[in-house]
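Q: Got a model to go through with me. Can you take my questions one at a time?

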Amino acid sequence: MPLPAYPGAGPADFGAGLCAAFLQALPVTGVAVSAFPGRIPETSIWATDAISARIDELQFDLGEGPRWEAARTRQPVALPDVRQAAHAAWPVFAKALQELDVAALFVFPLVLGTMDIGVIELYSTTPGALGRADHSAALRLADAAAWKLLRHLLTADSGGEPSSRRDESPLSRREVHQATGMVLAQAGVSATDALLLLRARAYSQGRSVRDVAQEVVNRTMDFSPAPGDEGTAGVK
């Protein structure tokens, strides 16, 4: 079950082709793919529709959800009926998911040996588990996608793809990674804690991490400690 080939394609064409293979082969409504390039925490490559993009963004913003479990365990995570399960492991994401037209959610990790390449997220507007044949097909597609995504990332990192094209995906989180570095320097914390500060600020204001990150990049938001209050990240 080969994936469509996109020689020389940028992130938009490449991501669209990657997702299309899953849509064509499986009984799902939408697909999103995210990569873990290693030098940055995570970046989205593509989503087939607004709901797929929102599912991905919610989990990134909240730092919880089945995509993180799939990445941690390196095993598929299946939620055949999202409205019936308790989802104790990710209660905030589960509550947000209720507002979307999503009945089932399936996440497959993209792994190659010891390398974690990314995740594929599939959703359906009707509840129900993937059948045995569909599950097997999804695993084969995930294996093929992992190889294609790795080659794509290596090509980009080796300079084979202009930086302007690397960031052309509408789901690029370039500004989030840039803001994380800025918060790291401002607050004197680790990269993990810097991203946590961005997420906490976004959650407290009911906004996306991307919006908050853009303000940091634009220098309209600053996490430097207030004078005389070292160790506490404030906002100027």
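Q: Strand 1: mostly covered or mostly open?

A: Mostly covered: 6 of the 6 residues of strand 1 are buried. Buried means under 20% relative accessible area, exposed means over 50%, and partly exposed lies in between (1.4 Å probe, protein chains only). Strands (E, at least two residues) and helices (H or I, at least four) are DSSP runs, numbered from the N terminus.

Q: What kind of model is this, and how are residues numbered?

A: This is a predicted model, where local features need pLDDT of at least 70, side-chain atom pairs count only at pLDDT 80 or more, and totals for chains, interfaces and linings use all residues. Residues are numbered from 1 along each chain as its sequence is written, and side-chain values use heavy atoms, with hydrogens and water left out.

Q: Back to strand 1. Which residues point which way?

A: Gly 30, Ala 32 and Ser 34 point one way, while Val 31, Val 33 and Ala 35 point the other way. All of them are buried. In a regular strand, side chains alternate between the two faces of the sheet.

Q: What does strand 1 pair with, and in which sense?

A: Strand 1 is joined to strand 5 by 6 bridges, running antiparallel. Strand 1 also pairs with strand 2 in the antiparallel sense, over 4 bridges. Two strands count as paired if DSSP finds at least two bridges between them.

Q: Which residues sit across from each other?

A: Val 33 has Ile 120 of strand 5 as its bridge partner. On the strand 2 side, Ala 32 is partnered by Ala 47, and Ser 34 stands opposite Ser 44.

Q: Next, Ser 52. Where is it, and what does it touch?

A: Ser 52 lies in helix 2, residues 50-62. At 3% relative accessibility, Ser 52 counts as buried. Leaving out residues up to four places away in sequence, Ser 52 touches Gly 30, Val 31, Ala 32, Ala 47 and Tyr 123. Contact here means heavy atoms within 4.5 Å.

Q: Now the packing. Which residues touch the most other members of the largest nonpolar core?

A: Phe 22, Leu 26, Val 33, Leu 110, Ile 117, Leu 122 and Leu 149, out of 29 residues in that core. A nonpolar core is a set of buried Ala, Val, Leu, Ile, Met, Phe, Trp, Tyr and Cys residues joined through side-chain atoms within 4.5 Å.

Q: What does Leu 110 contact?

A: Leaving aside neighbours within four places in sequence, the contacts of Leu 110 include Val 33, Ile 117, Ile 120, Ala 142, Ala 145, Ala 146 and Leu 149.

Q: How many residues are in the second core?

A: The second, separate core has 18 residues, including Leu 79, Leu 100, Val 102 and Val 107.

Q: And Leu 97: buried or exposed?

A: Buried, with a relative accessible area of 2%. Leu 97 is found in helix 4, residues 91-97. Beyond four places in sequence, Leu 97 touches Ile 55, Val 82, Arg 83, Val 102 and Leu 105.

Q: Backbone check. Which residues other than glycine have positive phi?

A: Arg 74 is one, with phi near 60 degrees. Arg 74 is in the loop between helix 3 (66-73) and strand 3 (77-79), and is partly exposed at 29% relative accessible area. Arg 219 is another, at about 65 degrees. Arg 219 is in the segment after helix 9 (209-217) and counts as exposed at 68%.

Q: What sits over the ring of Trp 68?

A: The charged end of Arg 67, 4.7 Å from the ring centre. The cut-offs are NZ of Lys or CZ of Arg within 6 Å of the ring centre and within 35 degrees of the ring normal.

Q: Last one. How many helices and strands are there?

A: The protein chain has 9 helices and 5 strands. Of its 236 residues, 48% count as buried.
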